[in-house]
Amino acid sequence: MAKNLKILLIISGGIAAYKSLELIRILKKNNIKVQVILTKGGEKFVTALSVAALSEEKVYQDLFSLKDETEMGHIRLSRENDLILVAPASANIIAHAAAGISNDLATTVLLASNKPIFFAPSMNVEMWNNPITQKNIKFLKDNNFNFIGPDSGDLACGETGDGRMSDLNTIYEYITSTIIKKKIKLNILVTAGPTYEVIDPVRYIGNKSSGKQGIEIAKAFHKLGANVKLVLGPCRESIPKDINTINIETAKDMYKEIKKINKIDVAICAAAVSDWSIDNPSNVKIKKNNKNKPKLNLSLNPDILEYISNRKNNRPKLVIGFAAETDNLIKNAKEKLSKKNCDWILANDISKNPEIFGGNNNTISLITKNNVDNWSTYSKKEVAEKLVNKVIENI
Ligand code: C5P
């Protein structure tokens, strides 16, 4: 997902510098190009040779290197990378950055940069809590510098408290999501949950959808910084407050809300929308009466997936539907793909695994116009992450 990215890593003087060697390995494994500036302090903890061997790049150390500076090395280093990560970030380099002091290559690059900058602090708890450090951090945060961590725990100095550099996976996840956020500002529509079709003020026809899969998809896109709209039927799941959620009850409500949304890059219709609604629902509770059993007349609901797939001017670049089937999974899903004119269908066989409704796992076949990809069983969160990766590769 993060391929083709370029990161400038600044290793400053802190015991956690040894972890930065492993961080370089993780970044490289994920096809990220890493250039490194090793400060005078950083050099005391790790050698330039180890950094060069792992990054497979020249290591930059000297502000006044004749060769690098004829090429304006301090400007070039920030311009040719997507972001700068300072890990570990000592109290000293944070203070220099906050004061705008540029007396070595690392601090000069930080001052001259036009790219996002991330600090992963690592220091003694007292240094972290010192009001001067906290003031510097507040100033930097107010000026759009990003901070990852620190964590709390046992520190290398023998004391305990805030100051441990965040674990490497957290740092990796954070910076790659933020890059993606900068790179793709996608408008995502997700429908999720069941619909309730009203019989009278207390009764409805619904279905077993829990909404979990669609909500996980909305969360996964949101985590990447995409602009997510979640149109959600009645369900018990809790939704993070910062996801833009439009709650609806009936299929017609859902259709009405979606018609208002013009700009959609990717639509994922995971909702189990009722195919029918009840004609003339009663305004008052229908009384039990053996002689006069109520008759429910049904009318077809609008098919929202089909509507989105066939929008003339503002069809999303990618429209994805779901198909829960009890028989002929692939055949039925393929028919759905072509009938509704969507791009992908995520099909699941609910006869084999009745737990899919309401459960935490899902077994998906991803059907596109020319291909069927059978996934193993994953948690709904993992399915969401796999889907997000697929979308990003294909959009
Ligand atoms: O035809 P069926 O209901 O099995 O199709 C399932 C797919 O179509 C799902 O993606 C569902 O969200 C979508 N759908 C819809 N509007 C409907 C019925 C289904 O968007 N009225």
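Is Asn-31 buried or exposed? In this predicted model, Asn-31 counts as exposed at 52% relative accessibility, where exposed means over 50% relative accessible area, buried under 20%, and partly exposed in between (1.4 Å probe, protein chains only). Residues are numbered from 1 along each chain as its sequence is written, and side-chain values use heavy atoms, with hydrogens and water left out. Because the model is predicted, local features need pLDDT of at least 70 and side-chain atom pairs count only at pLDDT 80 or more, while totals for chains, interfaces and linings use all residues.

Asn-31 is placed in the loop between α1 (17-29) and β2 (33-38); helices (H or I, at least four residues) and strands (E, at least two) are DSSP runs, numbered from the N terminus. Although Asn-31 is not a glycine, its phi is positive, at about 60 degrees. A positive phi, near 45 degrees, is also found in Asn-280, a residue of the loop between β15 and β16. Asn-280 counts as exposed at 73% relative accessibility.

Two cis peptide bonds may be described next. One joins Ala-87 and Pro-88, with omega about -5 degrees, and Pro-88 belongs to strand β4 (residues 83-89). Another joins Gly-149 and Pro-150, with omega about 10 degrees; Pro-150 lies in the loop between β6 (146-147) and β7 (151-154).

The largest pocket holds about 1000 Å³ of space. Among its 44 lining residues, Ala-271, Ala-272, Val-273, Phe-322 and Ala-324 are the closest to the centre. Elements giving two or more residues to this lining include β9 (187-192), α11 (212-223) and β17 (318-325). On a 1 Å grid over the protein atoms alone, a pocket is an open set of points where a 1.4 Å probe fits, with protein on both sides within 12 Å along at least five of seven lines, and lining residues have an atom within 4 Å of a point. Grid points are joined across faces, edges and corners, and the volume is the space filled by probe spheres set on the points.

In helix α12 (residues 251-259), the buried residues are Ala-251, Met-254, Glu-257 and Ile-258. They lie on the same side of α12 because they cover an arc of only 125 degrees around the axis, the arc being that of the directions from the helix axis to the C-beta atoms. An α-helix has 3.6 residues a turn, so residues three or four places apart point the same way. The buried residues of α12 pack against β9, β10 (197-198), β12 (227-232), β13 (244-247) and α13, contact meaning heavy atoms within 4.5 Å.

Gly-193, in the loop between β9 and β10, is buried at 1% relative accessibility. Its C-alpha atom is separated by 4.8 Å from that of Ala-271, 78 residues apart along the chain. Val-319, in strand β17, is buried at 0%, and 8.6 Å separates its C-alpha atom from that of Asp-265.

Side-chain polar contacts involve two further buried residues. Ser-277 of strand β15 has a relative accessible area of 5%, and its side chain is joined to that of Asn-301 by a polar contact of 3.4 Å. Such a contact is a pair of N or O atoms within 3.5 Å; within protein, one must be able to donate a hydrogen and the other to accept it, and residues adjacent in sequence count only if both atoms are side-chain atoms. Lys-340, in helix α14, is buried with a relative accessible area of 15%, and its side chain makes a polar contact of 2.7 Å with the side chain of Asp-303.
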